[in-house]
Amino acid sequence: MESVRKNGAPAPKTQKLNVYEQVQVRLDMVFKNFDNVYVSFSGGKDSSVLLFLCIEYLRKHYPGRKLGVFHMDYEVQYHETIRFVDKVLKENQDILEVYRVCVPFKVATCTSMYQRYWRPWDEEMKEHWVREMPEGAWVREDFPFFSRRMLDYEFQRSFARWLHARKNAKRTCCMVGIRTQESLNRWRTINHKDSFRFRGWKWARRMNPGIYNAYPIYDWLTTDIWVANGKFKWPYNRLYDLYYQAGVPLEKQRVASPFISEARSGLSLYRAIDPDMWGKMVNRVNGVNFTALYANTTAVGWRQQVTLPKGYTWASYMTFLLDTLPESTRKNYQNKLAVSMQFWRDKGGVLSEETIQRLRDAGIPVIVMPHTNYKTDKKPVRMEYMDDFDDPNFKDLPTFKRICICILKNDHTCKYMGFAPTKLEKEKRTRVMEKYKRLL
């Protein structure tokens, strides 16, 4: 029914804003409330569109105001991405304050059982760098907080605090081009109810006192990104044209560090799209060629169903796999397994009522507890590790088969298992972060 005013006249209809108009409103809110603003720019389609939105907004509404750009240069990248980043930064240097970071922080890699991390721009590996360091790069000596123990995401957080202090800012905002359509984790980032939000904005989350992350294009679709590029004639990374020609579906075309677990199924594309870079990166990080060849096979526990060798149980197969690993890698998996087994035995995980019933029907002993500290409708369950259990919610259950898949994937953090960092890992990270926070 149409709403009416008190005098009987129809009330004006509220016009629904499209995603572009909504972003204009959000950018206005950001630049009015934050005196220090920068964009995290990777060269991918989402961060690029966000950067161009900000550039156009500033040129129109705040002429003369500078926009920070934070670009983590991972050394190994498609040449098309490198060319695109160079072009964007050069053509907009009048308005941009660029922080192109080339430091040897630790980056997780799933290409090797021997190497859990690699370091871009590692001075000790300079003769193997895949390219020369770009001019004007910010290096490790520029950041007093830097430590070789730092992971890349830890560096990002420390950079925000460092820049906040360097600018003597009242409020700092890092704008990030993530979209909830991309993954469940990104949806959770936006919709996490416990997050401290700036003035109730759903898309702005506090990271540290006075420092916020904002996600202005969180509700854009992939098609919105490409419509914007076409409508406003913005330059874009031509790597996406090569992806399209190679048959990569639109939703799977992403720019990311090539050695993380999410990217390795497409690692072999480097060989076809950028053979010159491929020849150099094979010599740069351990296990790259093997992963490119077998990333989509059972050899690394990927996609196809992993089968158990004859004469083994999953527990004995796990022992066999662990015996093939270097000592430090083996101990890493053993420690995580011990923590997980104790967790399921003493505290318990949460399972759906349907899964609990299927376990009981199969004669698996489970103890269902009345209460849990987790915010979920699932039930807290204590139980022992099983060899395997055929269930739709297999990834929620404690089985030795899942450990075997982690080992085959070179999933050193056991992300496939849903493992959180151990208490020791959390304490170690906290000590490092507090140390460099005090120095800053």
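Reader: Does Tyr243 count as buried or exposed?

Author: The relative accessibility of Tyr243 is 6%. Buried means under 20% relative accessible area, exposed over 50%, and partly exposed in between (1.4 Å probe, protein chains only). So Tyr243 counts as buried.

Reader: What kind of model is this?

Author: Residues are numbered from 1 along each chain as its sequence is written, and side-chain values use heavy atoms, leaving out hydrogens and water. Local features need pLDDT of at least 70, side-chain atom pairs count only at pLDDT 80 or more, and totals for chains, interfaces and linings use all residues; the model is predicted.

Reader: How many helices and strands does the protein chain have?

Author: Both are DSSP runs, numbered from the N terminus: helices are H or I with at least four residues, strands are E with at least two. The protein chain has 15 helices and 11 strands.

Reader: What share of the residues in the protein chain is buried?

Author: The protein chain has 440 residues. The buried share is 48%.

Reader: How many aromatic pairs does the structure hold?

Author: Rings of Phe, Tyr and Trp (its six-membered ring) pair if their centres lie within 6.5 Å. Planes under 30 degrees apart count as stacked, over 60 as edge-to-face and the rest as tilted. The number of aromatic pairs in the structure is 42.

Reader: Which geometry do the rings of Tyr78 and Tyr243 have?

Author: Their centres are 6.0 Å apart. Their planes stand at 90 degrees, so the pair is edge-to-face.

Reader: How many residues apart are Tyr78 and Tyr243?

Author: Tyr78 sits in the loop between strand S2 (67-72) and helix H3 (79-91). Tyr243 belongs to helix H7 (residues 239-245). The pair links distant parts of the chain, 165 residues apart.

Reader: Why is the pair of Tyr99 and Trp162 classed as it is?

Author: The ring centres of Tyr99 and Trp162 are 6.3 Å apart. Their planes are at 90 degrees, so the pair is edge-to-face.

Reader: Which elements hold Tyr99 and Trp162?

Author: The pair ties together parts that are 63 residues apart in sequence. Tyr99 is buried at 3% relative accessibility, and Trp162 is buried at 6%. Tyr99 lies in strand S3 (residues 96-101) and Trp162 in helix H4 (residues 152-166).

Reader: Which residue has its charged end over the ring of Tyr62?

Author: A charge sits over a ring if NZ of Lys or CZ of Arg is within 6 Å of the ring centre and within 35 degrees of the ring normal. Lys401 lies over the face of Phe394, at 5.4 Å from the ring centre. Over Tyr62, 5.5 Å from the ring centre, is the charged end of Arg65.

Reader: Which side chain makes a polar contact of 2.5 Å with that of Asn33?

Author: A polar contact is a pair of N or O atoms within 3.5 Å; within protein, one must be able to donate a hydrogen and the other to accept it, and residues adjacent in sequence count only if both atoms are side-chain atoms. Asn33 lies in helix H1 (residues 19-33) and is buried at 16% relative accessibility. Its side chain reaches the backbone oxygen of Met29 at 2.7 Å. The side-chain partner at 2.5 Å is Arg199.

Reader: Which residues does Tyr20 touch beyond four places in sequence?

Author: Tyr20 is in helix H1 and is partly exposed at 27% relative accessible area. Contact means heavy atoms within 4.5 Å. Not counting residues up to four places away, Tyr20 touches Leu53, Trp220 and Phe232.

Reader: In what order do the strands of the open antiparallel sheet run?

Author: Two strands pair if DSSP finds at least two bridges between them. The edge strands, each pairing on one side only, are strand S9 (349-351) and strand S10 (367-368). 3 antiparallel bridges join S9 to strand S11 (residues 379-382). The order is S9-S11-S10.

Reader: What angle does helix H12 make with S11?

Author: Axes are lines fitted to C-alpha atoms, for helices over the stretch in contact, and angles run from 0 to 180 degrees between N-to-C directions. Helix H12 (residues 327-347) packs on the sheet and touches S9 and S11. The angle between H12 and S11 is about 110 degrees.

Reader: In S2, which residue is the bridge partner of Val39?

Author: Strand S1 (residues 36-40) runs parallel to S2, joined by 3 bridges. In S2, 6 of its 6 residues are buried. The bridge partner of Val39 is Val69.
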